[in-house]
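Me: I have just opened this one and would like a quick tour. Can we go through it piece by piece?

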Amino acid sequence: MRRIGVFVCWCGSNIAATVDVAAVVADAKVQPGVVFAQDYQYMCSEAGQNIIKDAIKEHQLTGIVVCSCSPRMHEATFRKAAAAAGLNPYMVEIANVREHCSWIHKDKEAGTEKARVLMRAAVAKVMLNVPLKAGESRVVKRALVIGGGIAGIQTALDIADAGFQVDIVEKNATIGGRMAQLDKTFPTLDCSSCILTPKMVEAKASENIRLITYAEVEEVGGFVGDFKVKIRKKARFVKEDVCTGCGLCMAKCPSKKGLNEFNMGLNNRPAIYIPFAQAIPNVAVIDKTQCIKLNTGKCGLCEKVCTAKAIDYTMQDEFIEEEYGAIVMATGFRPIDASKFDEYSYSTCKDVVTSLELERIMNAAGPTGGVLLRPSDGKHPHSVVFVQCVGSRDVSGRGKPYCSKICCMYTAKHAMLIRDKYPDVDVHVFYIDVRTPGKNFDEFYRRAAEQYDVDYIKGQVGKVWEEDGHLVVRGVDLISNEQVILNADMVVLATAIEPDPTARKVANMLTASIDTNDFITEAHPKLRPVESPTAGIFLSGVCQGPKDIPETVSQAGAAASKVIGLLCKDKLTTNPCVARSDELLCNGCSCCEKVCPYGAISYDTHLINDHGVKETRRVALVNEALCQGCGACTVVCPSGAMDLKGFSNKQIMAEVEAICL
Amino acid sequence: MRLPEAEIAAVVKQISGSDVKKCMKCGKCSATCPAYGEMRFHPHQFVTMVARGRVDELLKDETVARCLSCFACVERCPRGVEPANVVAAIRVIAEREQGGSNFVPDEVPGLIEADGEIPQQALVSAFRRYRK
């Protein structure tokens, strides 16, 4: 005899404003099997949980239904409360009357009716629930960080500091990422390299960190605590453990026309190169598309000059297979392509540059040695115009609908640095809004305007063109309501940033969800900001959303603490809601094996006693540790042998019937 | 009887098909406008004033005819607001209120010869609407 209790939560006014909770309670009381029903303002609160615990004991409930928010929010809370009162936690069902009902409806009558239906369906299901027991799985005490920029480095350092092994997989030949390309950092104007390179060195020196550079994640299997990852280490054609980083090969290489990626293509580099002087590892790499030896078989100069004998033209991609307990995504960003905006003449005028290009021009290790020179003729500019929001907050399809968050501050930084170093240069900034929320951020921007006399113009630029050897900028000043035409020697575009294009591929392998802009989705935007909804996958840096360095470092620390929390555990509780095959019904067709995304199904041939008929049959076998309970096998099984514990076909049909009747 | 100003503004929004609320006030339309100096009100002002229901001033302004209908503002607006369509809607309503077209086809050659009186592109855009 089932004794079901129904608990209806108001969620303050979140549910109660659109659903007549008393009516739902009254309806619950007359459902077959229901012996107790009550509503309460906040069922998830301690008092609310006590109502549930007391009712379970007092009314000897065998199952409960909580009509509340999404099970993703509080299913665990209510299961824990049930367990504390002696009820099997899998005898708890959640009717989602908030996200699926009150939040999306306005009409109270209709909302109440829908809440009733959802409650009845949950009651029908819980009547068929059976107690389940969660199993255990192991935790591999090693973490993987994908991406070796400041986000990945900081995450790895923090995890390593707690005593766990971490691997950083970086697709480029060096770690450092975007931050290594920056000249100064806001709001303190300290040199980016000066604060980043010690961290890079620390990562290299750490006993707990292994750097796998020039490598990409190829395959990911397994699940939280027990991921199996295949990493492709691309052929460098230079032996990493032999190369001393002397740079002689770079000087001798005759193929010097490669675009220097580190300098945003503003100058050239040889086919064999070390990305920048502080690269880690400080080891050369050969660009195989550019190398004369690799393409024609002739040359081999670098091999001849290398005193360390580090060059190996026969090197092949290698594969590393490793197990990890947790994976952190730190895949970072890139600026969008500014040539999509014809009106700014980026692709036709050399003196129109992006902000990241200006970073390289301003940097002492950049193509001009840190001297501000016009790219077209190498002359000193006398007027520089900045255009903000190039492709940000743009829903026209050419740009990105979001605010890139960092541009207002780096533009103020650039403007200030130019005015500080070259007081003869006029600097104008066209802005839509100046957004400076952050500690000492607004003060920084005001300093640019007040102390450094940067001319901030409220309005956008409509067109940039070349005339008589200089640029002409036509913009608008909305405050004075005038169209402005300025002559400029350089125009700097604060281009929007977008997730690195590898993010989508990596997210797919990790089954981490991704939003319409290819940013990785958090498990909860406020309360679980560094976790992916996929267990064991964590987020660090711009792959989750635009952010500056201070915020990235904070988030990296947060992601690391979540990873440490996971790796500290010896065992994880597994989800008991996994697939189960009825061997008497199974016909051994292999359909389930083919659709299983986790490789959890295998086949076994053994003697079966089918109602007295003994015969040897080939039947499906589910590995409960691998099964994630997705249910794909139950759908394809033609004989109805496959069923999902906690979500059996019978239970689902009972729910459907309760809704339809 | 003339409709109240707010209702005319609603008509402008409807026939222009432009969602003026999408405007984020960046001014790129006016930064782009090649007829900026020719017109009393500028593209961003058309959008803002229509959003606020203030269309009477726009309807009274004769320089509205100077919009070239080049659609550069439509092309470059990052929010898809289509300011030129708002200007065109104002022009249509102004013409309706005056009880007919300002352009009589037979007079057009004379207007072109007058050189500079009316921008050629404005004539082209007018004919686009008057074609039978």
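**A tour by chat**

Me: Let's start with strand 3 and strand 4 of chain A. How many bridges join them, and do they run parallel or antiparallel?
Reply: Strand 3, residues 63–68, is joined to strand 4 of chain A by five bridges, and the two run parallel. Keep in mind that this is a predicted model.

Me: What is the bridge partner of A:Ile64 in strand 4 of chain A?
Reply: A:Ile64 has A:Val92 as its bridge partner there.

Me: What order do the strands of that sheet have?
Reply: The order is 2-1-3-4 in chain A. It is an open sheet of four strands with parallel pairing.

Me: Which are the edge strands?
Reply: Strand 2 (34–40) and strand 4 (92–96) of chain A. Each of them pairs on one side only. From one strand to the next, the twist averages 15°.

Me: Which helix packs on the sheet?
Reply: Helix 3 of chain A, residues 71–84. It touches strand 3 and strand 4 of chain A. Its direction makes about 150° with that of strand 4.

Me: New topic. There is an antiparallel sheet too; what is its strand order?
Reply: The order is 24-25-26, in chain A. This is an open sheet of three strands. Its edge strands are strand 24 (461–467) and strand 26 (482–488) of chain A. The twist averages 20° from one strand to the next.

Me: How many bridges join strand 24 to strand 25 of chain A?
Reply: Six, and the two strands run antiparallel. Strand 25 covers residues 470–477. One bridge partner to look up is A:Arg474 in strand 25, which goes with A:Lys463.

Me: Zooming out, what does the domain assignment give for chain A?
Reply: Domain 1 is 4–126. Domain 2 comes in pieces: 142–234, 317–332 and 500–567. Domain 3 is 248–305, domain 4 is 334–498 and domain 5 is 579–645.

Me: How far apart are the C-alpha centres of domain 2 and domain 5 of chain A?
Reply: They lie 38 Å apart.

Me: On to the inside. How many residues has the largest nonpolar core?
Reply: It has 137 residues. A:Ala143, A:Val328, A:Met329 and A:Val491 are those with the most contacts inside it. Helix 11 of chain A, residues 407–421, gives the most to this core, with nine residues.

Me: What does A:Val328 touch?
Reply: Among its contacts are A:Ala143, A:Val145, A:Ile146 and A:Phe538, leaving out residues up to four places away in sequence. A:Ala559 and A:Val563 are also among them.

Me: How many residues are in the second core?
Reply: That separate core has 44 residues, including A:Tyr40, A:Ile52, A:Leu61 and A:Ala115.

Me: Where does A:Lys125 lie, and is it buried or exposed?
Reply: A:Lys125 is in helix 4 of chain A, residues 108–126. It counts as buried because it has 23 C-beta neighbours inside 10 Å, and the cut-off is 20 or more.

Me: What is A:Lys125 in contact with?
Reply: A:Glu93, A:Gln651, A:Ala654 and A:Glu655, leaving aside neighbours within four places in sequence. A:Glu655 is 530 residues away along the chain, yet the C-alpha atoms of A:Lys125 and A:Glu655 are separated by 5.7 Å.

Me: What is phi of A:Met264?
Reply: It is near 55°, a positive value in a residue other than glycine. A:Met264 lies in the loop between strand 13 (258–259) and strand 14 (268–269) of chain A.

Me: Last one: how many residues does each chain bring to the contact?
Reply: Chain B brings 15 residues and chain A brings 18. On the chain B side, helix 2 (residues 28–32) gives the most, with four residues. By class, that side has six nonpolar, six polar and three charged residues.

How values were computed
Residues numbered from 1 in each chain as written. Chains lettered and ligands numbered in written order. Predicted model: local features only at pLDDT ≥ 70, side-chain atom pairs only at ≥ 80, totals over all residues. Core = buried A, V, L, I, M, F, W, Y, C linked by C-beta atoms within 7 Å. Buried ≥ 20, exposed ≤ 12 C-beta atoms within 10 Å, placed from the backbone. Contact = placed C-beta atoms within 7 Å. Domains from an automatic or database assignment. Pairing = 2+ DSSP bridges. Axes fitted to C-alpha atoms, helices over the stretch in contact; angles between N-to-C directions. Nonpolar A, V, L, I, M, F, W, Y, C, P; charged D, E, K, R; others polar.
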